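Biologist: I am new to this model and would like a close look at one part of it, the nonpolar core. Please set the whole chain out before you turn to that part.

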Amino acid sequence: MESKKTFGAYVKARRVETGLTQKEFADTLYVTESAVSKWERGLSYPDITLITEICRVLNISEHELLTASEDINARNQERLARRYLTLIRRFKITQYFLYGIALLTCFIVNIAVSGKLSWFFIVLAAEAVGASLTLLPILAVKKRGLITLAGFTASLISLLAICCIYTGGDWFFVAAISVVFGLSILFAPFILRNLWLPAPFGKHKALINFATNTILLFALLLIVDIYTGGGRFLTTSLPIAAFCLILPWGYMLIIAYTKINRFLKTSACLWLSCGWQFAMRGFIDMILGEPYKYGLDFDFAKFGDVEYLNGNVDAVIFFGLLGTAIGFGVVGVVRGVSRAKGTADTAE
């Protein structure tokens, strides 16, 4: 705390700004007018038990009173906080008003025109989708992102269900699983990253994410197959999807679970890509019941010919991946040997 005179001058200035006389100030604090006069003349300090009440009456912080100066930064932050809260409150009131007016108007119109509620429920669900993105994030206090995502997903699926019932359709399950799968692809990694899981699950969040999305993909393919009456889920859709998933699953397992340096991990991912590229066309042709042959069918001398165009492109990709894989592998081995040698020298 600075000198008593500085402290007294500050208290007097704040008292005058507040519009209180010495007697009114003293009566508010239940002290004598003489005590207040001594504070302001720099003859004494107030009792420490009065600090909180003095700050309340003078509308200052304890830091400002003890330092006998205004805390400009704190006041600015407080002012901005009040302005932000006011803005949020007005925004919420505006949202309530707009959603309420739109909903009430559609309710009245639907009753007046149809004599019953029908398409009103579509409007209700659509407003719920909008509110989940504009109003729910403000209302949520904790875990705002998770609550907003859950509200958006639930309201969107509800909208799809109501539209399906209103139109007499049978496509709801296809649309619903598509929405869940798409949202899972986008947001599951972020949810799992911030979600506490008991051991040993906490160490395998990437694996859980891939497994969840894989199950949802297979479920989507199955529901679409049932909806279209194709009957080709086990013979076509599932094998091709599983083959296509070899690459992302392989990359994840190599990156997350192999104990090698990043150059060797890159090389391993590229080698996997080479194998996948080598077998891709033959496997898909076999599944589709067409004549198939594994390997690369190319002739660079006839690069532009339609007969060899796809094979030549596959070959360019294959050899490019192969060369890059070998390059990263060599660098990875050299780095690994150098590091092992350095560790051995340090141990000696």
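Biologist: What radius of gyration does the protein chain have, and what would a compact globule of 348 residues have? Which residues of the largest nonpolar core have the most contacts inside it?

Modeller: This is a predicted model, in which local features need pLDDT of at least 70 and side-chain atom pairs count only at pLDDT 80 or more, while totals for chains, interfaces and linings use all residues. Residues are numbered from 1 along each chain as its sequence is written, and side-chain values use heavy atoms, with hydrogens and water left out.

The protein chain has a radius of gyration of 36 Å, whereas a compact globule of 348 residues would have one near 20 Å; the radius is taken over C-alpha atoms, and the globule rule is 2.2 Å times the number of residues to the power 0.38. Along the principal axes, the C-alpha atoms fill a box of roughly 105 × 90 × 45 Å. The secondary structure consists of 15 helices and zero strands, where helices (H or I, at least four residues) and strands (E, at least two) are DSSP runs numbered from the N terminus. Of the 348 residues, 29% are buried, with buried meaning under 20% relative accessible area, exposed over 50% and partly exposed in between (1.4 Å probe, protein chains only).

Now to the part you asked about. A nonpolar core is a set of buried Ala, Val, Leu, Ile, Met, Phe, Trp, Tyr and Cys residues joined through side-chain atoms within 4.5 Å. The largest one has 17 residues, and those with the most contacts inside it are F25, W39, I54 and L65. The elements that give two or more residues to this core are α1 (4-18), α2 (22-29), α3 (33-40) and α4 (51-58), and α4 supplies the largest share, five residues.

A second, separate core of 12 residues includes A125, L159, F172 and A175. Elsewhere in the chain, helix α12 (residues 233-244) has F233, T236, P239, A241 and F243 as its buried residues, and these pack against α11 (205-228), α13 (246-257) and α14 (262-287).

Definitions and conventions: Contact means heavy atoms within 4.5 Å.
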